[in-house]
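Please read this report alongside the displayed sequence and structure. It goes from whole chains to single residues.

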Amino acid sequence: MITLTHYLVVSALVFGLGLYAALSRRNAVAMLMGIELMLNAANINLVAFNKYGAPGAMQGQIFALIVITLAACEAAVGLALILAAYRRFETTYVDDLNLMRW
Amino acid sequence: MTGEAIAFYVLAAITLAAGAVVATSPNLMHSAVALIPALLGVTGLYVLLNAEFVAGIQVLIYAGGITVLILFVIMLTEGGTGLRIRQRNEQAAIAAAVAAATVALLIAVAGRTPWAHEPGALPSYTPGAIGQSFLGPNLPLFEGTSVVLLVALVGALLIARKETGE
């Protein structure tokens, strides 16, 4: 029998992988991939709580859909910023991007 | 072992193995391509949780849209695929410790909290219930999200456009 705790453990592990990628990568695109993994972990939690926590409610799935939409916004803006920074500085490695002006 | 349990463990293994490749592969192209099975594994978990509409949206937006966008940006910027470039910063050990501590805390909390162990009764047709909710009590949320989406995409276009001579 698969319980809510199983889903929460998987979600915690995916979150940990995403956190490690976001903290340890030098490339901004790879950091963004880590953030996507973390958002997915949060979504697993939302959908699992929707099934196990609150019977008959839909708010968990609604919230997961909103999070997916905002993740798409975040990816679009983040990748646009990375492209703009690459045009200006010719690098996507965040430890080389340390100027606020040029 | 029931079919649900087998499906759960297979999907969890796919998600976690692909997620490990995403987090640790020295080749960024491999990372970005491994993101696809990771997101599809999460999609399978959604189907197991009776969230078919969320699963469909996940395939369309994440596996189909965001991954392709990430692949394009990796190929448009140089240095992402070079195997000789160092891909981890100096804080990688600290990052691993922080991530492990966070996971341990989350698992401890999830294991000790007394949850309701029986799955609740969902509507038999969840996309219909989601649609009713989006055009009913959640209408302001729906409209607000659409405005945010518009503003974010116009902003992304503005930031990423090629600057011509000023």
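The model is predicted.

**The chains**

Chain A has three helices and zero strands, in the order α-α-α from the N terminus. Its radius of gyration is 17 Å, whereas the globule rule gives 13 Å for 102 residues, so chain A is more spread out than a compact globule. The C-alpha trace of chain A spans about 55 × 25 × 15 Å along its principal axes. Of the 102 residues in chain A, 57% are buried. Of the contacts in chain A that link residues at least 6 apart in sequence, 47% are between residues at least 24 apart.

Chain B contains six helices and zero strands. Read from the N terminus, the elements of chain B follow the order α-α-α-α-α-α. The radius of gyration of chain B is 20 Å, while a compact globule of 166 residues would have a value near 15 Å. A box of roughly 60 × 40 × 25 Å, taken along the principal axes, holds the C-alpha atoms of chain B. In chain B, 24% of the 166 residues are buried. For contacts in chain B with a separation of 6 or more, 52% are between residues 24 or more positions apart.

Chain B has two domains, with domain 1 covering 1-86 and domain 2 covering 126-166. Taken over C-alpha atoms, the centres of domain 1 and domain 2 of chain B are 24 Å apart. Helix H6 of chain B runs over residues 139-160. From first C-alpha to last, the 22 residues of H6(B) reach 32 Å, close to the 32 Å expected at 1.5 Å a residue. H6(B) is hardly covered, with one buried residue among its 22 residues.

**Contact between the chains**

On the chain B side, 76 residues are in contact with 65 residues of chain A. The side of chain B that touches chain A draws at least two residues from each of H1, H2, H3, H4, helix H5 (126-134) and H6 of chain B. By class, this side of chain B has 52 nonpolar, 21 polar and three charged residues.

**The nonpolar core**

The largest nonpolar core contains 69 residues. A:Val29, A:Met33 and B:Val22 have the most contacts inside this core. From chain A, helix H1 (4-24), helix H2 (28-52) and helix H3 (59-89) each supply at least two residues of the core. From chain B, helix H1 (3-24), helix H2 (28-48), helix H3 (52-76) and helix H4 (92-112) each do likewise.

Two of the residues described here belong to chain B, and one to chain A.

B:Leu122 sits in the loop between H4 and H5 of chain B.

B:Leu39 is part of helix H2 of chain B. B:Leu39 counts as buried because it has 24 C-beta neighbours inside 10 Å. Beyond its neighbours within four places in sequence, B:Leu39 is in contact with A:Asn40 in chain A, and with B:Gln58, B:Tyr62 and B:Ala63 in chain B.

A:Ala22 lies in helix H1 of chain A. With 20 other C-beta atoms within 10 Å, A:Ala22 is buried. Which residues does A:Ala22 contact, leaving aside its neighbours within four places in sequence? They are A:Met31, A:Gly34, A:Ile35 and A:Met38.

Technical notes
Residues numbered from 1 in each chain as written. Chains lettered and ligands numbered in written order. Predicted model: local features only at pLDDT ≥ 70, side-chain atom pairs only at ≥ 80, totals over all residues. Domains from an automatic or database assignment. Helix = DSSP H or I, 4+ residues; strand = E, 2+ residues; numbered from the N terminus. Expected span 1.5 Å × (residues − 1). Buried ≥ 20, exposed ≤ 12 C-beta atoms within 10 Å, placed from the backbone. Core = buried A, V, L, I, M, F, W, Y, C linked by C-beta atoms within 7 Å. Contact = placed C-beta atoms within 7 Å. Nonpolar A, V, L, I, M, F, W, Y, C, P; charged D, E, K, R; others polar. Rg over C-alpha atoms; globule rule 2.2 N^0.38 Å.
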